[in-house]
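The remarks begin with one pairing and proceed to the wider fold.

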Amino acid sequence: MSVPETDRIEIFTDGACSGNPGPGGWGALLRWRGNEKELSGGEPETTNNRMELMAAVAALEALKRPAKVDLTTDSVYLRDGITKWIHSWQRNGWKTSGKKAVKNRDLWERLLKATEQHNIDWHWIKGHSGHDENERCDALAREALKAYRPSID
């Protein structure tokens, strides 16, 4: 796919959960040509991994045309799932190497579809380490989580 370098978009994502499972939230920050857009959402009963996935899914689904994307996450599960494991899961009928059903298959399939038209470089950073965009996404996720559990600080 040929996409102009000027269409490179930076995406930062994070998910949060109070209890695992429990109420959860996700946040994403999209940056393009100096403009930023924040996205967030949540669910009343979910897991941290689902929220990490949902942040990436929602961010990629928000893109209106093919783009070069730098997607940064603090989730090894998300990064390794999409860059290392997903094609084996598909070949094995959505089973892990241990012959168990892949967890969160619905979101993995949705993420795979959301990546089809883009050229994505996946980046991992350590969470809660002072990375400004990751901290912002964490705040978005925690704020979204509050809609399902208002007593959380």
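1. In this predicted model, aspartate 14 stands opposite glycine 27 in S2.

2. Within S4, the residue opposite isoleucine 11 is leucine 71. S4 is in turn linked to S5 through six bridges, again running parallel; lysine 68 has asparagine 119 of S5 as its bridge partner.

3. The complete sheet is open and has five strands in the order S3-S2-S1-S4-S5, with mixed pairing. Strand S3 (35-46) and S5 stand at the edges with a single partner strand each, so one side of each is left without a neighbour in the sheet. On average, neighbouring strands are turned by 20° against each other, direction ignored.

4. What covers the faces of S4? In a regular strand, side chains alternate between the two faces of the sheet. For S4, Lys68, Asp70 and Thr72 lie on one side and Val69, Leu71 and Thr73 on the other, and all are buried. Six of the six residues of S4 are thus counted as buried. As to helices, H1 packs on the sheet and touches S1, S2, S3, S4 and S5, its direction making about 155° with that of S1. Helix H4 (residues 132-146) lies across S1, S2 and S3 and runs at about 140° to S2.

5. The largest nonpolar core comprises 33 residues, and those with the most contacts inside it are Ile11, Leu60, Val69, Leu71, Trp108, Leu111 and Trp122. Elements giving two or more residues to this core include helix H1 (48-61), helix H2 (76-91) and helix H3 (105-115), as well as strand S4 (68-73) and strand S5 (119-124). H1 gives the most, with nine residues.

6. Leaving aside residues up to four places away in sequence, tryptophan 122 touches Leu60, Leu71, Leu78, Arg79, Ile82, Thr83, Leu111 and Thr115.

7. How do H2 and H3 meet? Their axes come within 11 Å and cross at roughly 95°, which means that H2 is roughly perpendicular to H3. The contact is made by Tyr77, Leu78, Gly81, Ile82, Ile86, His87, Trp89 and Gln90 of H2, together with Trp108, Leu111, Leu112 and Thr115 of H3. By class, this contact has eight nonpolar, four polar and no charged residues.

Definitions and conventions
Residues are numbered from 1 along each chain as its sequence is written. This is a predicted model: local features need pLDDT of at least 70, side-chain atom pairs count only at pLDDT 80 or more; totals for chains, interfaces and linings use all residues. Side-chain values use heavy atoms; hydrogens and water are left out. A nonpolar core is a set of buried Ala, Val, Leu, Ile, Met, Phe, Trp, Tyr and Cys residues joined through side-chain atoms within 4.5 Å. Buried means under 20% relative accessible area, exposed over 50%, partly exposed in between (1.4 Å probe, protein chains only). Helices (H or I, at least four residues) and strands (E, at least two) are DSSP runs, numbered from the N terminus. Contact means heavy atoms within 4.5 Å. Axes are lines fitted to C-alpha atoms, for helices over the stretch in contact, and angles run from 0 to 180 degrees between N-to-C directions. Angles under 35 degrees count as roughly parallel, over 145 as roughly antiparallel, 65 to 115 as roughly perpendicular and the rest as oblique. Ala, Val, Leu, Ile, Met, Phe, Trp, Tyr, Cys and Pro count as nonpolar, Asp, Glu, Lys and Arg as charged, and the others, Gly among them, as polar. Two strands pair if DSSP finds at least two bridges between them.
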